[in-house]
Amino acid sequence: MLQRIRAYVREHQMIEPGGRIVAGISGGPDSVCLLFLLKKLCGEMDADLYAVHVNHGLRGEESDGDEAFVRELCGREGILLRVFFFDVKERSRREKLSLEEAGRLCRYEAFREEAKRLGGARIAVAHHADDQAETVLFRLFRGTGLQGLCGMRPVHDGIIRPLLHIRREEILDWLRTEGIEWRTDSSNECMDYARNRIRSELLAYASAQINDQAVRHVAEAAEELLEIERYLEKKTEEAFRLCVREEEEGCFLFEAGFRRQEPVIRERLLRRCLELCGGLKDVERIHIRILSELMEKQTGSRADLPGDRSARKDYQGIYIGTVSDGRRSDEERSVYPRIPGSLRLCGQIWTFSLETAQKDQIIPQKTYTKWFDYDKIKQCLAIRRRAPGDYLEINREHGRKKLKAYLVDEKIPASERERLWLLADGSHILWVPGHRISEGYKVTADTERILKVQIDGGEGNG
């Protein structure tokens, strides 16, 4: 068994030479087995091994006995131990959690605290193949997708599971052969817990009446599904880079790229967008379907989402982000540049310079550098977001067009309109960067002073 676990640990690169491992030790057979095997493997790889025990305070003298057992065991084996005590029952009541879930949260908080104290150590837990099968069935019965059916991962988020491919009966046989003692947790026999019923009744029945390798087959299926999941994760990440633009308070999913994806990737892409914009708490399949249907609706359609989020259909796709009341402070709304001078705004550098107009001067046509008649500016120039009453002059006869109407005609998505920084003279917009300038400020033969404005670092010029 040591050889199999050694190979599994190396395959998944669980222990780094010279690294640190924090093992969660309850005193039960699984964690005791883990402790002895890790001591051997860490010794081979010159890694440091530490232990953590969590006393949940749920079983009175029995819990205290477990703690005393683990203290004696670690002391005898020369392994540094840290013990945590939590009032799990109180947390369960306070946070309206099951005892099982409250206990799990307390354990992992303790593990992560110790791992952080030790400078980013990896956390080792004693989940085995029977736990894997139990987890897969539990998630299946409660409703899950492919990701849930993959079960627990060998290495994930700083946690390693060296025993995940080992059956529990193998662990018990090994401990007996080695003459190693362990503690028995009476709560494992309590049928009030759904997982205990799955393990003691469903899996036991499947092994006895259907196939004695039922548990192993479920665990192996989870391993195969994990490989498929990893492949789909890779394809989803490629699609995300192609189809999604991250924004300050959300993201924009482009319809053209989205439609080129296979249906299975589309669904995952929508879920990835929601994860980016506030996480997946309270997100269900119905919300993914709502987003998918929103892509088919007309521009301006909206949908509410969990976590104070919303989605809005625009010309080029859908915007997903937090609900905003649209109010900003004056500092966020307006920036007043010094002329000549430069400033940095949202990763872009705006540079302002003055030039004397030359006779028959030719003004270049560039997207992110513009020239204006400086003497036509009536107020203090401002770089700001759009505001009610904004307009541009669209011809030399001083014909006006509302900024909102111009942005709609240009099919600029609503999400982008909210993010636009504009160069303004009062309500008169000199320049919509990336688009047009107002006719009212163009350089003419009568211009004496030219204001040159250049933006560096924007998406348009790299």
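Which residues does Ile 21 touch, not counting residues up to four places away in sequence? Ile 21 touches Met 14, Ile 15, Leu 38, Cys 42, Asp 48, Leu 49, Tyr 50, Ala 121, Arg 122, Ala 124 and Ile 160, where contact means heavy atoms within 4.5 Å. This is a predicted model, in which local features need pLDDT of at least 70, side-chain atom pairs count only at pLDDT 80 or more, and totals for chains, interfaces and linings use all residues. Residues are numbered from 1 along each chain as its sequence is written, and side-chain values use heavy atoms, with hydrogens and water left out.

**Nonpolar cores**

- A nonpolar core is a set of buried (under 20% relative accessible area, 1.4 Å probe, protein chains only) Ala, Val, Leu, Ile, Met, Phe, Trp, Tyr and Cys residues joined through side-chain atoms within 4.5 Å.
- The largest such core has 37 residues, of which Ile 15, Ile 21, Leu 35, Leu 38 and Leu 49 touch the most other members.
- At least two residues of this core come from each of helix H1 (2-11), strand S1 (20-24), H2, strand S2 (48-55), H3 and helix H8 (168-178).
- H2 gives the largest share, 9 residues.
- A second, separate core of 24 residues includes Phe 240, Leu 274, Ile 288 and Ile 320.

**Helices H2 and H3**

- The axes (lines fitted to C-alpha atoms over the stretch in contact) of H2 (residues 29-44) and H3 (residues 61-77) come within 12 Å and cross at roughly 15°.
- H2 and H3 are therefore roughly parallel to each other, a label for angles under 35 degrees.
- Val 32, Leu 35, Phe 36 and Lys 39 of H2 make the contact with Phe 69, Leu 73, Cys 74 and Glu 77 of H3.

Definitions and conventions:
Axes fitted to C-alpha atoms, helices over the stretch in contact; angles between N-to-C directions. Helix = DSSP H or I, 4+ residues; strand = E, 2+ residues; numbered from the N terminus. Parallel < 35°, antiparallel > 145°, perpendicular 65-115°, else oblique. Buried < 20%, exposed > 50% of the residue type's maximum accessible area, 1.4 Å probe, protein only.
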